[in-house]
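Colleague: Could you help me see how the words used for a protein model follow from its numbers? I would like to take it one term at a time.

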Protein chains: 2
Amino acid sequence: MAILVVGSVAFDSIETPHGKVDHCLGGAATHFALAASYFTDVRVIAVVGEDFLPKHEAVFTARGIDTRGIERAPGLSFHWTGSYAGTLNEAQTLGTDLNVFERFEPKIPEAYTDTEYLFLANIDPVLQARVRSAMPNVRMVCGDTMNYWIKDHAANLAVVLRELDVLLINDGEARMLSGETNSVLAAEKVMAMGPKSLVVKHGEYGATAFFSKRSFAGGETPRPFRAPALPLAEVVDPTGAGDSFAGGFYGYLASQPKLTPAVFRKAMFYGGVMGSFAVERFGTERLQGVTRAEIDARFELFREISHLDTAAE
Amino acid sequence: MAILVVGSVAFDSIETPHGKVDHCLGGAATHFALAASYFTDVRVIAVVGEDFLPKHEAVFTARGIDTRGIERAPGLSFHWTGSYAGTLNEAQTLGTDLNVFERFEPKIPEAYTDTEYLFLANIDPVLQARVRSAMPNVRMVCGDTMNYWIKDHAANLAVVLRELDVLLINDGEARMLSGETNSVLAAEKVMAMGPKSLVVKHGEYGATAFFSKRSFAGGETPRPFRAPALPLAEVVDPTGAGDSFAGGFYGYLASQPKLTPAVFRKAMFYGGVMGSFAVERFGTERLQGVTRAEIDARFELFREISHLDTAAE
């Protein structure tokens, strides 16, 4: 079933130990949409400026992504400048030019109103809540946020959290949101704020899913589930890894008829798979060109590096 | 087959957010020996002082551990004082009183010379190398070390590394030893120094095994393997978690007739299992009283939280 993602379509200028790129296509909604497009239909709501050219739109349409919700506004697109050093685990933001994003008012095209799966990428929770309200009939809502909204927009974020089936955040965000350093207690507190399930991303160590009794229709509450990340000898550019994880995760979920614990676990692996591809090249390059066969092979690799009994033996 | 561990038997004074203990039995060899004792016979070489009483020795003998190699010396036993805060991932050392350990000269009892599995716990690499040389017929040698030896005793450590089948260290130590921030490149560099295989511990995120073509008899080089750690709502005292991991890991290996990739993977899980028990109580309390049934049940729990297909479905 189709996923609608609302979030940023942007240009990124990035420096990592492997090189430097200037104004490459990026943004949370872009990484998410490309990653999810290998699993299901994807629709995008975002705003871009006059620097968003037909060649940029073609990156979406080449993957069959519906771009009717990408609004054009006078001015320049959102532009992020960042650099990575050391373990590549954390970006240093050097500049955030909101540009047309500053006055972003998400508009939902008529053609999108039958969407069943909604993803609220990391934007102002006021806008996340507005989109959620405008889509009363969605079957599932997942979302992301970041330290800035947690710290300074807690009341607005609380409104969004109450509506979420799954929240996807990283370790630091989980600690900040809950005020707890222990990951299990942090997860319980976060789920008490609304999300039925919580996915906490650990960067190079993978991700953990936490469940509540509201996670699945039958009321069962599985143990936490830990998905690995692939040990990579070369991480070219970590930008968008988390959004690509979310895209693989949610894309797979939306492609399945029913949300079960087994489906959720596989979705965690597909999240890791898409995140591992994303970081192999700068920007969205790798996510544009990966094949379904490569995705399937890497899924098996994730199984091999984490399962006791492998097909090889 | 029997394992011989050489390392510290000590007293620890520890403060964590869950409380405070004074002079509880600890030391790397103690945690290792107790964890390994659930899988195979264990022998210990260490030195203790006059404060090491029959009740302390009984902790070992109650688990069937051979204590003939624990030498008594005049004075006090090694005493470590530390505290944990926040995520409990790292201890702050407040005091290290070497006491009798300062003049530790490992002596190998005649009864130990047929040992097939040697574990060199974290002590001066000069002593590690001496014990290794005195045991020329061992079948397998595993070891641990720490930042202090890596930084200031590199030449001595290099001698030990050349003899190791498996080195078990944590992320920070792997980075320091290799000078590499990328975990895959770090592992390659470390294995080039000698260890046939490398186990890197990630604290609450589990552990990763890296292999070389010298890892297994057939020359096969499996992909890295990632074992989870159990998300725990309450970590009472992380002291000895790494040594308990090593004990579970090596104890299981030594109990198996042949070292295969499948055996290595299960050993990684048993390492995590014993580490997860160790942190549930202060000192060695939990490791003294765990049952084989609890170990087996937790092993299945580790499978459940990391495997796509679980028995429950």
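Modeller: Gladly; here are some questions and answers about this structure.

Modeller: This is a predicted model, where local features need pLDDT of at least 70 and side-chain atom pairs count only at pLDDT 80 or more, while totals for chains, interfaces and linings use all residues. Residues are numbered from 1 along each chain as its sequence is written, chains are lettered from A and ligands numbered from 1 in the order in which they are written, and side-chain values use heavy atoms, with hydrogens and water left out.

Colleague: Why is A:Ile45 called buried?

Modeller: Buried means under 20% relative accessible area, exposed means over 50%, and partly exposed lies in between (1.4 Å probe, protein chains only). A:Ile45 has 1% relative accessibility, so A:Ile45 counts as buried. A:Ile45 belongs to strand 4 (residues 42-48) of chain A; strands (E, at least two residues) are DSSP runs, numbered from the N terminus.

Colleague: Which residues does A:Ile45 touch?

Modeller: Contact means heavy atoms within 4.5 Å. Leaving out residues up to four places away in sequence, the partners of A:Ile45 include A:Val6, A:Phe104, A:Pro106 and A:Tyr112.

Colleague: What makes strand 6 and strand 7 of chain A a pair?

Modeller: Two strands pair if DSSP finds at least two bridges between them. Strand 6 (residues 79-84) and strand 7 of chain A have six bridges, in the antiparallel sense, so they meet that definition. One bridge joins A:His79 to A:Asp97 in strand 7 of chain A.

Colleague: Why is the pair of B:Tyr148 and B:Trp149 edge-to-face, and what is the pair of A:Phe52 and A:Phe60 called?

Modeller: Rings of Phe, Tyr and Trp (its six-membered ring) pair if their centres lie within 6.5 Å; planes under 30 degrees apart count as stacked, over 60 as edge-to-face and the rest as tilted. A:Phe52 and A:Phe60 have 6.3 Å between centres and 55 degrees between planes, and this pair is tilted. For B:Tyr148 and B:Trp149 the centres are 4.7 Å apart and the planes at 70 degrees, so that pair is edge-to-face. B:Trp149 is buried at 12% relative accessibility, whereas B:Tyr148 is partly exposed at 42%.

Colleague: How do you know that the charge of A:Arg63 sits over the ring of A:Tyr38?

Modeller: The rule asks for NZ of Lys or CZ of Arg within 6 Å of the ring centre and within 35 degrees of the ring normal. The charged end of A:Arg63 sits over the ring of A:Tyr38, 3.6 Å from its centre. In chain B, B:Arg63 sits over B:Tyr38, also at 3.6 Å.

Colleague: What makes the phi of A:His23 worth a look?

Modeller: Most residues other than glycine have a negative phi. The phi of A:His23 is positive, near 55 degrees. A:His23 lies in strand 3 of chain A and is partly exposed, with a relative accessible area of 39%.

Colleague: How do you know that the two copies are related as by a two-fold rotation axis?

Modeller: Copies are superposed by least squares on the C-alpha atoms of residues with pLDDT of at least 70 in both. Chain B is laid on chain A with an RMSD of 0.0 Å by a turn of 180 degrees and a shift of 0.0 Å along the axis. The two copies are therefore related as by a two-fold rotation axis.

Note on methods
Helices (H or I, at least four residues) and strands (E, at least two) are DSSP runs, numbered from the N terminus.
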